[in-house]
Amino acid sequence: MTVLSHEMKTSFAFIERNFYLTRRYWGWELAFLVYSVAGALSISLIGAQAGDPRLLLSLMIGAIFWNYLSVVFSWIAETIAVERWEGTLEYTMMAPIRRSTQLLGSTAYAIVYGLVHTAVILVVLILFFPQLDLARANPLTAVAFVLLGSFSFVGIGMIAAILPLLYVERGAQMTFVLQSCLLLVSGVYYSISILPPWMQVLSHISPATYVLDGVRAGLIEGVPITELGGDIWPLLVMGATLIPLGVWAFGRAERYAKRTGKLKRVG
Amino acid sequence: MTATLSPQLNDTTAIGRVAALVVDHAVKRFNVADKRRPVMAIDDVSMRLERGEIYGILGSNGSGKSTLIRLICGLLTLDAGRVEIFGHDLVREELTVKRLINRVSVDAAFFKKLSPLENLSFAARLYGLEAGPARSATLEILARLGISARRADRPIEQMSRGMQQKVAIARALLTSPSLLLLDEPTTGLDPRSKLDVQAFIEELRVEHGATIVLTTHDLAEADRLCDRISILNDGRKVVESTPIGLKLLVAERYDQPATLEAAFMTYTGRSLDDDHEETEETDEPN
């Protein structure tokens, strides 16, 4: 228990530091928020133009929740990239902390940041589309799926964080490749049924597929979470697998970086 | 062959008490893409430091000084040999060792948009310090280094290089390391800042009993601060002695002037001018 509380306390270092960074870069954060709102609006307007309220809501949900998942994913993956850029990576790696503690702190902040960011976009979109009928919506189902999906994305984010650790110049950009592949196969803006069969196989191993299914079922159909077991258990299995896998893979990558001298590089 | 005027003590308890640092036959090689054979960055280096000692490591650019520092603080893995800090094995007791050491490198690496207080708060939490006492200690150390509380709240990017380096030293001191690794801490500083930092290093040893490993290109600094000095050349320790011992060694054995400059040139086989022409440390492949 003492060890656990010590680790939780130490992981707060990363939450506090990332909060300070957000505060100091508030202008950029505002710009990023404008970018995200504009992107979500542009996609949702396709549904508005079609005059189909169901399509509008479906695209809106896709845009908002994809934004959430990519913000969480980016924060975790970029944790290493930012340290590399600032030159502080060696100091963090020298500190007497477990790597799981570092990743726990970074992911906790990423989830809170992602929720706040997404809430702002949600409010803007609801104000922009007053015709939306959310009378049947079951927000509890939506929130539960967002949180469940976060575990899997935290694991994928940890694995993605290996890229900037090992590939100094382009590692951070390579994480976007991973993100776009998830976007392609997860049915964010269209049904996965239109994908070729081999891509549909991939969609079943993407946690985003199940998150979006669950959120859409909750907000459009008002389905309670108790009736969505088929989407819940894959998320539970993926979360329970991907987080330990992420910690393990990051540890292996760290050892490789220490053997080859890759921690030293800055920029 | 290493020339040594002090006893070669590589066992942790060779003189009846735990050594601050034992480096025992350390070896580190790097594979460089365009070379078939690995580059030997550290070649069978051994050293033993007693508590409270300031130990200097001199050498040309690329001689292995920074690599050795990185090996000691666990940022690189050893290919052979072992490192012990206050009796704790670096590999087997990694977290314990990490609590005992800290490092200041030539580049003051910080989150530049954050203030010294914010950066040091992060460091303090990583080492398990409570926020309140850490803040008081931070302000106290910064004040000792000439940085006011008002400056401590502004982004580090607004500070001069010398001020940033002082904040880097404060970050290391905040965690009260028993072993402090200073990797060219005064390189690039103006004479006043350099003297401030040197005085602070002396104070650290006198008042806090810290053990310090110092790498430097400033021979006057090494002469002033170090109890013992070793010179690295191509990854090998070629000589180890006290500053006065080194001077006598080159005077008696090589008929050179009794200076650290003469010792450096004799044992590295190059002039100081050659060394200064190189612009960056190249001891690790990128």
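In which order do the strands of the open sheet of 4 strands in chain B stand? The order is S3-S2-S5-S6, with antiparallel pairing.

## Basis of the description

This is a predicted model, in which local features need pLDDT of at least 70, side-chain atom pairs count only at pLDDT 80 or more, and totals for chains, interfaces and linings use all residues. Residues are numbered from 1 along each chain as its sequence is written, chains are lettered from A and ligands numbered from 1 in the order in which they are written, and side-chain values use heavy atoms, leaving out hydrogens and water.

## The four-stranded sheet

Strands (E, at least two residues) and helices (H or I, at least four) are DSSP runs, numbered from the N terminus. Two strands pair if DSSP finds at least two bridges between them. In the sheet S3-S2-S5-S6 of chain B, the edges are strand S3 (39–49) and strand S6 (88–89), each of which pairs on one side only.

Strand S2 (residues 21–30) of chain B runs antiparallel to S3(B), and 8 bridges join the two. Ala26(B) stands opposite Val45(B) in S3(B).

Thr211(B) lies in strand S9 (residues 211–215) of chain B. With a relative accessible area of 1%, Thr211(B) is buried; buried means under 20%, exposed over 50%, and partly exposed in between (1.4 Å probe, protein chains only). The side chain of Thr211(B) reaches the backbone nitrogen of Gly52(B) at 2.9 Å. Leaving aside residues up to four places away in sequence, the residues that Thr211(B) touches include Ala20(B), Leu49(B), Phe86(B) and Leu180(B) (contact means heavy atoms within 4.5 Å).

## Salt bridges

A salt bridge is a side-chain nitrogen of Lys or Arg within 4 Å of a carboxyl oxygen of Asp or Glu. Over all chains, the whole structure holds 28 salt bridges. One of them joins the side chains of Arg82(B) and Glu84(B) at 2.6 Å, N to O. Arg82(B) is partly exposed at 24% relative accessibility, and Glu84(B) is buried at 12%.

Lys166(B) and Asp196(B) meet in a salt bridge of 3.0 Å, N to O. The pair links distant parts of the chain, helix H5 (residues 161–174) and helix H6 (residues 191–208) of chain B, the two residues being 30 residues apart. Lys166(B) is buried at 7%, whereas Asp196(B) is partly exposed at 34%. Glu240(B) and Arg228(B) form a salt bridge with the closest N and O atoms 3.5 Å apart. Glu240(B) is buried at 2%, and Arg228(B) is buried at 11%.

A network of salt bridges links Arg99(A), Glu254(A), Lys258(A), Glu94(B) and Lys98(B).

Definitions and conventions. A polar contact is a pair of N or O atoms within 3.5 Å; within protein, one must be able to donate a hydrogen and the other to accept it, and residues adjacent in sequence count only if both atoms are side-chain atoms.
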